[in-house]
Amino acid sequence: MVTLMWLIPAFPAAGFLVLSTLGRRLSRPACAVMGTSSVALSMIVSAVVAWGYLSPTLPRPLTTTALWQWMEIRSLSIGFGLHLDSLSLLWVLVVTGVGFLIHLYSTSFMSAQEGYGRYFAYLNLFIASMLLLVLADGLLLLYLGWEGVGLCSFLLIGFWYREPANSKAALKAFVVTRIGDTALIIGILLLYTRLGSGNIQELLSRASSQIPPGAPLAVAAAALLLAGALGKSAQIPLQTWLPDAMAGPTPVSALIHAATMVTAGVYLIARMNVLFALAPTVRFLVAIIGAATLILAGFSAASQRDIKRVLAYSTISQIGYMFLALGVGAWPAAAFHFLTHACFKALLFLGAGVIILNLGDEHDIFRMGGLWKRMPLVFATFLTAALSMAAVPPLTAGFYSKDWILYWVWNSGPSGPILWLLALLGIVLTSLYTFRLVFIVFLGPERSRPSGRPGALLTIPLVVLAVPAALAGFLETPRHLGDIRVFSRFIAQTAPVVEPAPSMPGMVVWLILVSEAASLLGILLAYLLFRRRLRVGEAAESLPQGAYLRRFWLAGWGFDWLYEQTVVRPYRFLSRVVGSEPLDWLYRGIGDLAVVAHRLLSLIQDGRIRRYAAGVALGAALILALVVLL
Amino acid sequence: MNLALLVLVPLFAGLLAWLLGRRSDSAARLTAFAGLSVDLGIILSLWVRFPGAGAVGPGKHWLEQLVLPWIPQLGVRVHLALDGLSLLMVSLTAVLGMVALVVSWASVNKRVGLFHFHLMVSLAGIMGVFLTMDLFLFALFWELMLVPTYFLIVIWGHANRQAAGIKFFLFTQAGGLLMILAILGLHFLHASQTGEYTFDALRLAETHLPGRWGMLLMLGFFLAFAVKLPVFPLHPWLPDAHTEAPTAGSIILAGLLLKTGAYGLIRFALPLFPQASARLAPWAMGLAVAGIIYGGLAAFGQRDIKRLIAYTSISHLGFVLLGIYAGSRAALEGAVLLMICHGLTTGALFALAGGIQDRLGTRDMDSLGGLWSVTPRLAAVTLFFALAAMGLPGLGNFAGEFLVLLGVFAVHLLPAILAATAMIVSVVYALNLVCRTMFGPSRPASAVVDLGAAEMIVMTGLMLLILCLGLFPQSVIDRVRPFLQIIPGGIG
Amino acid sequence: MTTVLVQYGLLLAAALFLVGLAGVLFRRNLLFTLLSLEIMLNAAGLAFVVAASRWQQPDGQVMFLIILAVSAAEAAVGLALILGIHRESGTLDPDELSRLRG
């Protein structure tokens, strides 16, 4: 049963091949069917494989499928094979499940656009690459999937290629992530050459037996892998590409830049957690970066006008939570949050997409309002997702996953409480910007009129996603709220889960109460500032410092400006200088030298025969003298 | 016999094409096509006859050999030999020759017979370079492949062709002169030691080389190949020559001529002078890294498409040079793989650039844009090869680059890390090329035709090759291994 | 007697040669150039004869005969050329006659 797993990436890959070669000839419905069914088939096979993997009655199945020998050098063999365990299975199910829903949604969303076949081709290629990434049994194959998703991200951000701004955004995304990718490939090379294997399971076992904790090799490799993860997952300092990536179609933003591709970094670190455990300093750095990112992005999310940019910054922030969890060794909690986040974030984006579509491509939230009356279903699902993201108990998945992270963070050692405090501030910010969005977009006076009701293909995915967005939390609940451990038992099949014990007996309850209070505080603040428009808020904004801060946060804390000055401009300048071939003056100089010599020598040819005779005489005398002397 | 045919058939086909070209253009084209088809057929039969890699051992790994006496007084023989490496290079020659031919089918209209004569003679010379093991013959074929190329540039090239042609000629001839001097030096040195006058590379490899002589002779070879490769800072001839050459000329130049430099290093410079090469290695690697970064930076700063692609060649072949001198067998294998993949991708890119120039009359990226909506097939194929050029995994160039990095990394850390930064640089120029030419609003243009059937067949074939080389590189590596294991030094 | 003759003879030949060379270099008249060339040729001939006497071989004297013949032919042709040049340009100054730009 598990040996079928090669079909999981194969179906979307086949879909890509068909759509890219024949897409122009196929009719729209045919493209839609082709694109969606390949993912659907992949999803079905994933479910079958999952059942085979989890079923206690069947014998322990083979979890690895080697496909072919990719490259082989004398001491190193790099294979092209797949590996399945609960971590990769989790990602596979999310990618195929959410992917299928988004494909379905896209068939309606993109129906008026040109390049329909091209869209589904790219989307299928993306799914195939992402699946390859998470199923890869070796680091190099993972890298292939890694680059593949980057490529699809580029193609899909720039999907509406006629607009130069879109291509610029796409280029920016690829270049920034490539910086991370370069670090990643160097890390991969390091691991390959020093540990003699690229197969992940082998690698991790060799690492734990051969490398002492804190050794330079572990630190270097972990740091490089981290850099790669930072790029793909849009964490500081490589986060600048994600807000601009919103230039792509909304379903793309939902799938790639919210639910799946940006979590590739999380997957990588979770997968290599053994290596990170051997380099505690780097792992702590992961936590710090996660904490910093979630705060910074939270502020930025609260000041955006474009609905998609709010959601983009919120994605950056939520992935910051996942990184924070990874940084304290809580990779199961990070995986759980990935699951819940995929559901509610995709839902938020898809809902935003419906709004954008029905308001005639309107992105500015201050031109929306009062939509709860006109689009009740969208409002209901959006609210579910918003409550989930803000972690408001009890019927929201986000609450349980975030709470688990916070619990782990608090108990993670001496720096735990500080990180926990930052995470708590993050909760306030999250619910603040989330409900700012809800209040401005759905409540209040109606500023634009939506054109008609969204069709079934658009709303079914919304409803389907709302269910796990609300209920998925019940896979893992804290001790005092039911003590359900389904998720941790599932994920423990990859590697044992060692959850820290609470430092004080009543700690768990206390933590839950505080985080509840924080999320409610955020909602309250949002209500006061954006619904009631309190004087305090408006006064703060009218101050010059307030306005400056607002613009600063709007611009993402000035990172873009910084990179423009320190990286982009010097690079362009250097390129121009080098491109004008400065070495040419050296070689042209040789040519000029020849010309000068010619001119000098031709001065001798003046036709004065007495001078010629003198020359001959002098020369003869010289030679005679030389012969006599030597 | 096959080997002699590989060289002679293009030669005679060229002559015939010239003669027939006086009567009719298409006769000339068809003759050339027939000649290349015969060559392709022979090569295909060679692939079929030798499915696996050859046996290991000096002299024992030849798949096929041809030895005829020629000038016994000087020790010159007609010695053609084929092993896995040669077979790959010869296949590349035939494939790219065919691509060049197809691409010029419609675009070359003046003096067609003479054009095909020069093309075929150049190809014959290249075939000879890849097949011969006699140094005298090697020098002969070296010159034979260069002179027609000069004429191709100067007669059928673009606006600035005279200067570019002369520059090309002077640079490569200077290198060639040094190589001939080194060959003669080796010849006489060997004679003074053993009394045997020979030009055979395998016999000469046994010469005992006192320190300074070894270095000097090796430098003679190295500089000739360094100009061809090209190694920074001997590269300025390349952008001009590639840009001003006609499309077929650019394909031959970038796809094949540059590879002869790398081939010469692997086949002759390394085995003939192992100690001197080892001493040169750090310098060579430093120059290689400099070339990688220089080429990548310069490529981004270009407005002319062909000049951009020319600079990317400098960057990629820097990788090849790095692989050759890393002292690691993995890196060498990666270098050979990269040579082949680069030949195919750059050949395709130049063909596409030529296609763009023929259709739109300009190579300036500032006046191009939005081609995706006008010529979608052209745009998609360009995107594919741009992705290959920037090292997207799954395509051949990445496999080669990765193996080189792997080999270098195991031995020297710093060059590998610096070379890896090329990955960022290459993305910048490759995607910039795509964005500026393919994306954006389409300029109003008069009746621009997309890629036709013949062109699509050729391009699809090339794309499939690159894809296969990327996903199944082991088959290529296995073929080259027997020879590379003979080269002393190197870690697995 | 022969030794003394050799040194003095060669010295005389050298002096004559230098005198001739000086005439070629420093005189601005083609006719005088021709004259000086004759002197140089004769100086060379003298050297040959002296050497012949020293080594008691007739070869030197034969050489002198050949030199004589050569100089006669050269003088004839040279004079004819000078006549022609004088008719064309009216001057015999070699510096003026140069048409190369240099």
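Modeller: Since burial will come up, a residue is called buried here when its relative accessible area is under 20% and exposed when that area is over 50%. Please keep in mind that this is a predicted model.

Colleague: How many of the residues of α16(B) are buried?

Modeller: Helix α16 of chain B covers residues 396-411, and its 16 residues should span 22 Å at 1.5 Å a residue, which agrees with the 23 Å between its end C-alpha atoms. With the cut-off of under 20% applied to each residue, the helix turns out to be mostly covered, and the number buried is 14 of its 16 residues.

Colleague: Of the two pairs of chains in contact, which chains share the most contacts?

Modeller: Chain B and chain C can be set aside, as no contact joins them and their closest C-alpha atoms lie 28 Å apart. Between chain A and chain C, twelve residues of chain A meet 13 residues of chain C, whereas the other contact takes 64 residues from chain B and 49 residues from chain A. The pair that shares the most contacts is therefore chains A and B.

Colleague: What is the area buried between chain B and chain A, and which residues of chain B lose the most area to chain A?

Modeller: The size of an interface is often given as the accessible area lost when the parts come together. For chain B and chain A that area is about 4,900 Å², with carbon and sulfur atoms giving 73% of it. On the side of chain B, 13% of what is buried comes together from the three residues that lose the most area, namely L297(B), F402(B) and F409(B).

Colleague: Which residues form the salt bridge between chain B and chain A?

Modeller: The count between these two chains is one salt bridge, alongside twelve residue pairs in polar contact, both residues of each pair being at pLDDT 80 or more. The side of chain B that touches chain A divides into 45 nonpolar, 14 polar and five charged residues. In the salt bridge the closest N and O atoms are 2.7 Å apart, and the partners are D584(A) and K167(B).

Colleague: Which helix gives the largest share of the side of chain A that touches chain C?

Modeller: Chain A and chain C bury about 940 Å² between them, 62% of it on carbon and sulfur atoms. The count here is two salt bridges, one of which joins D95(C) and R608(A) with the closest N and O atoms 4.0 Å apart. The largest share of the side of chain A, six residues, comes from helix α27 (residues 609-629) of chain A.

Colleague: Is Q56(C), with its positive phi, buried or exposed?

Modeller: Q56(C) has a phi of about 55° although it is not a glycine, and its place is the loop between α2 (30-55) and α3 (59-89) of chain C. Because its relative accessible area is 64%, and the cut-off is over 50%, Q56(C) counts as exposed.

Notes: Residues are numbered from 1 along each chain as its sequence is written. Chains are lettered from A and ligands numbered from 1 in the order in which they are written. This is a predicted model: local features need pLDDT of at least 70, side-chain atom pairs count only at pLDDT 80 or more; totals for chains, interfaces and linings use all residues. Side-chain values use heavy atoms; hydrogens and water are left out. Contact means heavy atoms within 4.5 Å. Buried area is the accessible area (1.4 Å probe) that two parts lose on being put together, summed over both. A salt bridge is a side-chain nitrogen of Lys or Arg within 4 Å of a carboxyl oxygen of Asp or Glu. A polar contact is a pair of N or O atoms within 3.5 Å; within protein, one must be able to donate a hydrogen and the other to accept it, and residues adjacent in sequence count only if both atoms are side-chain atoms. Ala, Val, Leu, Ile, Met, Phe, Trp, Tyr, Cys and Pro count as nonpolar, Asp, Glu, Lys and Arg as charged, and the others, Gly among them, as polar. Helices (H or I, at least four residues) and strands (E, at least two) are DSSP runs, numbered from the N terminus. The expected span of a helix is 1.5 Å times one less than its number of residues. Buried means under 20% relative accessible area, exposed over 50%, partly exposed in between (1.4 Å probe, protein chains only).
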